[in-house]
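Let us walk through this structure step by step. Keep the sequence and the 3D view side by side.

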Amino acid sequence: MSQHAPNLSRRDVLRAAAALAAVGTAGTVGACGKNDDDQGVGADGVVTLDLWHGQVDLGKAAIDALITAFNQSHPKIKVVGGGGGVTADSMLQKVTAGLAAGSYPDIAYIFGSDLASLTKSPKVADLTGQLKIDDYWPAAKDAVSVKGKVRAAPALLDSLCVVYNKKLFAAAGVPAPKPGWTWDDFVAASKQLTNPAKGVFGTGWPGVGDEDTVWRLWPMIWDLGGDVVSGDGKKAGFDTVGARALETLDRLRIDKSLYVDPKPGSEQLYQVFLGGRMGMVATGPWQLPELNDNGIEYGVVPLPSYSGKPVTISGPDTWTIFDNGKAKVKAATEFVTWLADPAQDIQWDVKGGSLPITKATAELPQWKKHSAETNGLDVFVTALDTAKVRPTISAYPKISQHVGEAISAVLLGKQSPAEALKKAVDQCNQVLAVPN
């Protein structure tokens with residue numbers, strides 16, 4: 001969630017539900033006349049690739065610089081980084097419409113949570129055996145794997161940790177949190193930090209029920225021994241532990257120490273924190289530049305847990321390649337492989353705001369210097385060792401929708417944790433009863 005993915009609204013996979021319904025048939029329409037091996041190869045032997053990156057500001061500048069360097073060093077491939085005319089938030093709809101119309105890019109920046117649904121289209125290239133995925137961080141590797149096949153290359157890597165306001169902690173007389181802290185510690189600190197007279201909240205949580213509301217819950221579920229879905233994939237995997245996670249949120253609500261953001265995108269939540277009126281917020285490395293720009297004296301710690309063992313979530317995004325003929329798929333694969341090489345990955349990470357895709361990049365002196373100069377960045381990188389990802393299944397958007405509704409009901413005091421969980425589990429079981 002770097003600056004080139006400016007806020008958590010991009011996690012809203014629910015927005016794509018209608019568009020995704022068309023994906024399964026889109027590839028058939030789009031296949032017309034697109035399988036010529038020589039398509040995209042010019043008379044001069046140059047393969048031209050259309051890249052829809054959806055980046056803005058620093059992210060766009062970073063990818064544009066890399067494209068220029070690639071084109072200069074690869075005379076037989078020309079990458080055209082037009083961006084697709086939309087931001088990354090709208091890329092799924094743009095690509096889905098393109099597939100339906102038979103006019104789609106060779107490479108697109110696709111959120112990891114959308115990848116499984118998109119692979120219903122036969123026009124998404126199968127990259128199994130084509131990429132050095134063992135070099136990736138485990139979370140990045142898992143995020144591009146769908147049903148045992150590699151369906152994309154990782155484009156951006158993040159992790160979720162807690163950023164806290166040092167001044168508010170000191171003013172409230174609360175010791176700074178440390179690795180190994182628990183959710184009980186988190187709830188207690190949040191209560192102590194809350195000061196209604198000054199409009200200060202202990203912490204915050206997105207409340208609209210979208211994916212940004214949901215993904216923060218999964219580390220709690222995993223820590224308690226549950227999962228998003230059961231091992232056989234046929235039912236919800238959080239039925240026995242979900243109530244305890246929701247009870248933690250309910251305690252924050254009862255204590256009135258929780259700011260519930262009523263709007264999509266979580267912008268208000270982050271503005272409250274940046275305004276110095278929130279003690280703690282779960283967020284990713286994309287937030288660090290804004291914290292520095294706003295002069296916030298902050299610290300970063302891993303997420304709290306119930307077990308004392310660290311666990312977090314990562315939401316990698318992807319470079320997804322589309323089949324416009326063998327020559328283009330081969331050239332596109334060469335381009336994304338080149339991007340993941342530490343020599344290029346380090347430039348994208350530092351300039352664009354991602355965490356390193358590989359541990360080899362994290363070992364580069366340039367990254368270590370960047371990390372040393374950016375307070376808290378090392379905590380996000382260390383968290384990758386225990387980061388898990390959401391399952392790459394096409395049913396996930398519907399699961400997210402039902403779990404999001406349950407979380408919102410608890411945050412707003414409309415249902416008890418037990419009531420909200422039971423409804424969500426029943427709904428998710430119905431979703432998973434249908435093969436996907």
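Which strands does helix α4 lie across? Helix α4 (residues 91-101) lies across β1 and β3 (107-111). The helix runs at about 130° to β3. Axes here are lines fitted to C-alpha atoms, for helices over the stretch in contact (heavy atoms within 4.5 Å). Angles run from 0 to 180 degrees between N-to-C directions. Helices (H or I, at least four residues) and strands (E, at least two) are DSSP runs, numbered from the N terminus.

This is a predicted model: local features need pLDDT of at least 70, side-chain atom pairs count only at pLDDT 80 or more, and totals for chains, interfaces and linings use all residues. Residues are numbered from 1 along each chain as its sequence is written, and side-chain values use heavy atoms, leaving out hydrogens and water.

Now the sheet. It is open, with 5 strands in the order β2-β1-β3-β13-β6 and mixed pairing. Two strands pair if DSSP finds at least two bridges between them. At the edges are β2 (77-80) and β6 (153-156), each pairing on one side only. From one strand to the next, the twist averages 30°. Strand β1 (residues 47-52) runs parallel to β2, joined by 4 bridges. Thr 48 stands opposite Lys 78 in β2.

Next, the nonpolar core: buried (under 20% relative accessible area, 1.4 Å probe, protein chains only) Ala, Val, Leu, Ile, Met, Phe, Trp, Tyr and Cys residues joined through side-chain atoms within 4.5 Å. The largest one has 128 residues. Trp 218, Trp 319 and Phe 335 have the most contacts inside it. Helix α14 (residues 326-340) gives the largest share, 8 residues.

Key. Buried means under 20% relative accessible area, exposed over 50%, partly exposed in between (1.4 Å probe, protein chains only).
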